[in-house]
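Please open the structure in your viewer and keep the selection tool at hand.

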Amino acid sequence: MSGNSLSPICYNVPQYIALPEAMEAQVGTWFNISIALVVFMGIASGGMFSLVLMSNRKQQLPFTIALGLVLLTAVLGAIGSVNILNDIAGGLANSIVLLILSITLGYALTTISVLSDTRRKPSTQVGTAALLIDPDDRIDVVLLAPGEPPEYNTRHAARRLELADDAVDVPPLLLRPFYMRDIKSKYQAIGPSPYRDSHIELARKVQSRIGNAHRVSVAFYSDEPELAVKLSALVKEGARRIVTAHVRITDPPDAVASGDLYDGINADLYGVSIRQTQPMWDSQLLPQIYVRRMIEALPHAGPDLAEVGLLLVGRGHIQSSKSAAERSAEEANYLRRVRDAIVRLGFDENKSGIGWLRHGPTVAESLRKLVSAGCKTVYCIPASFTADGLNTLFDIPAQVDPIVKASNIKLISLGGWNADDLAAEEIAAYVRAALPVLVESRRS
């Protein structure tokens with residue numbers, strides 16, 4: 001009997017000894033699974049966060065939902081790994097650090113992947129039929145402007161940052177999603193941007209002024225059609241002489257000036273002559289746009305011009321380089337000529353000011369000075385802007401609206417050039433000046 005009673009105990013001893021080892025292996029397995037879950041879901045969370053910042057409104061909702069799900073899974077994995085360990089404080093600290101590092105890695109990888117190449121390379125394959133086309137004496141004119149699509153677009157927003165006027169305006173690559181989110185929020189505030197339509201209408205008016213013997217179209221730095229794509233299409237159609245007209249006041253950004261937008265266009269290979277007009281910072285006609293608009297708006301000012309102020313608004317350039325300093329001087333000189341032309345109508349020069357979006361004195365600071373000088377009505381003149389868009393419809397109002405409400409003054413915006421007839425006439429004049437050079441090159 002005693003032997004039988006001891007037998008079960010003897011047989012079960014090895015089982016009791018092996019059980020802690022099995023439990024330890026099982027715990028290790030679940031811990032590794034929890035850590036892997038934290039890492040992979042953390043990386044996915046960082047990637048989704050980057051996409052939420054950069055994506056358009058239609059894509060933002062599914063990306064936001066996915067971000068919430070993967071982040072929740074990552075947090076649950078972190079909680080699970082902490083519960084498995086006896087050292088809760090140490091495990092929690094390790095899980096948090098691991099989760100943060102994973103999210104950062106996922107954010108960086110996704111941002112670099114999306115923004116590393118935002119430009120479409122044009123096709124340069126031109127068929128033999130196109131090479132035989134002779135468009136007689138036709139010259140193709142492409143109006144080139146910075147660009148702003150009607151709706152927010154991830155690729156174009158990224159391109160907008162890449163081709164900012166001044167290098168100091170370009171944020172580091174990993175910070176760009178936050179700047180793109182800012183651009184997206186401005187679109188949500190103003191609705192569809194009229195920028196592209198204004199330039200298309202402007203091109204139509206330029207076309208009417210140079211005649212049907214030549215063909216006018218538009219291209220943009222950061223909107224469709226991009227310049228390289230437009231030029232490629234023209235070359236395929238048989239264009240052999242092209243004028244690129246810079247629709248802007250100041251010299252183009254360094255990347256544009258160095259030929260970045262022409263990348264992929266082998267003009268010499270196909271015997272294509274391309275000539276560029278200079279920006280219109282020395283234009284004598286453009287200031288008359290705002291002289292005419294002021295005359296048209298005068299009935300809204302009332303009989304006392306002594307209470308009327310002029311607020312000229314420019315983009316502004318932080319003078320971090322020689323080219324930026326040149327752009328700053330060009331824009332400042334142009335705005336002063338616009339102001340002088342308007343002052344000749346009988347306005348008080350002492351009640352006029354220039355405000356900048358990019359540096360001081362800011363638009364808000366200049367407006368406050370006009371209010372302090374006793375101005376009851378202020379005309380806002382964004383004379384540097386070729387068309388209304390994010391700058392004129394959001395950035396400027398963001399600075400002036402609080403002051404207008406607090407001071408109870410009347411602010412009247414005269415808008416960007418848009419498709420003004422005088423702007424079309426001046427662009428056509430710059431184009432005509434370039435035509436004889438191309439005609440002569442064809443003859444030679």
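**The nonpolar cores.** In this predicted model, begin with the largest nonpolar core, which has 52 residues. Select Leu143, Tyr290, Leu310, Ile342, Tyr379, Ile381 and Trp417, the members with the most contacts inside this core. Next, select residues 421-443, which form helix 14; this helix supplies eight residues, the largest share of the core.

Now centre the view on Ile381. Which residues does isoleucine 381 touch, if residues up to four places away in sequence are not counted? They are Tyr290, Met294, Leu310, Leu311, Leu312, Val313, Val338, Ile342 and Leu414.

Another core, of 19 residues, lies apart from the largest one.

**Helix 12.** Select residues 363-372 and colour Val363, Ala364, Ser366, Leu367 and Leu370, which are buried. Look down the axis of helix 12: the buried residues fall within an arc of 165°, so they line one face of the helix. In general, an α-helix has 3.6 residues a turn, so residues three or four places apart point the same way.

Turn to the face directed away from the buried side, where the exposed residues Lys369 and Ser372 are found. Just after helix 12, select Gly374, which takes a positive phi of about 95°.

**The largest pocket.** Proceed to the largest pocket, which holds about 950 Å³ of space. Its lining comprises 36 residues, and those closest to the pocket centre are Arg160, Arg315, Arg358, Asn391 and Asp395. Select helix 5 (154-162), helix 6 (176-190) and helix 13 (390-407), the elements that each give two or more residues to this lining. Coloured by class, the lining shows 14 nonpolar, nine polar and 13 charged residues.

**The second largest pocket.** Finally, select Asn56, Arg57, Lys58, Glu151, Tyr152, Lys184, Tyr187, Gln188, Gly191 and Pro192, which line the second largest pocket. About 190 Å³ of space lies there. Two or more residues of this lining come from helix 2 (57-84), and likewise from helix 6. Which element gives the largest share of the lining of the second largest pocket? Helix 6 does, with three residues. By class, this lining has three nonpolar, three polar and four charged residues.

Note on methods
Residues are numbered from 1 along each chain as its sequence is written. This is a predicted model: local features need pLDDT of at least 70, side-chain atom pairs count only at pLDDT 80 or more; totals for chains, interfaces and linings use all residues. Side-chain values use heavy atoms; hydrogens and water are left out. On a 1 Å grid over the protein atoms alone, a cavity is a set of points where a 1.4 Å probe fits but cannot get out, and a pocket is an open set with protein on both sides within 12 Å along at least five of seven lines; lining residues have an atom within 4 Å of a point. Grid points are joined across faces, edges and corners, and a volume is the space filled by probe spheres set on the points. Helices (H or I, at least four residues) and strands (E, at least two) are DSSP runs, numbered from the N terminus. Ala, Val, Leu, Ile, Met, Phe, Trp, Tyr, Cys and Pro count as nonpolar, Asp, Glu, Lys and Arg as charged, and the others, Gly among them, as polar. A nonpolar core is a set of buried Ala, Val, Leu, Ile, Met, Phe, Trp, Tyr and Cys residues joined through side-chain atoms within 4.5 Å. Buried means under 20% relative accessible area, exposed over 50%, partly exposed in between (1.4 Å probe, protein chains only). Contact means heavy atoms within 4.5 Å. The arc is that of the directions from the helix axis to the C-beta atoms.
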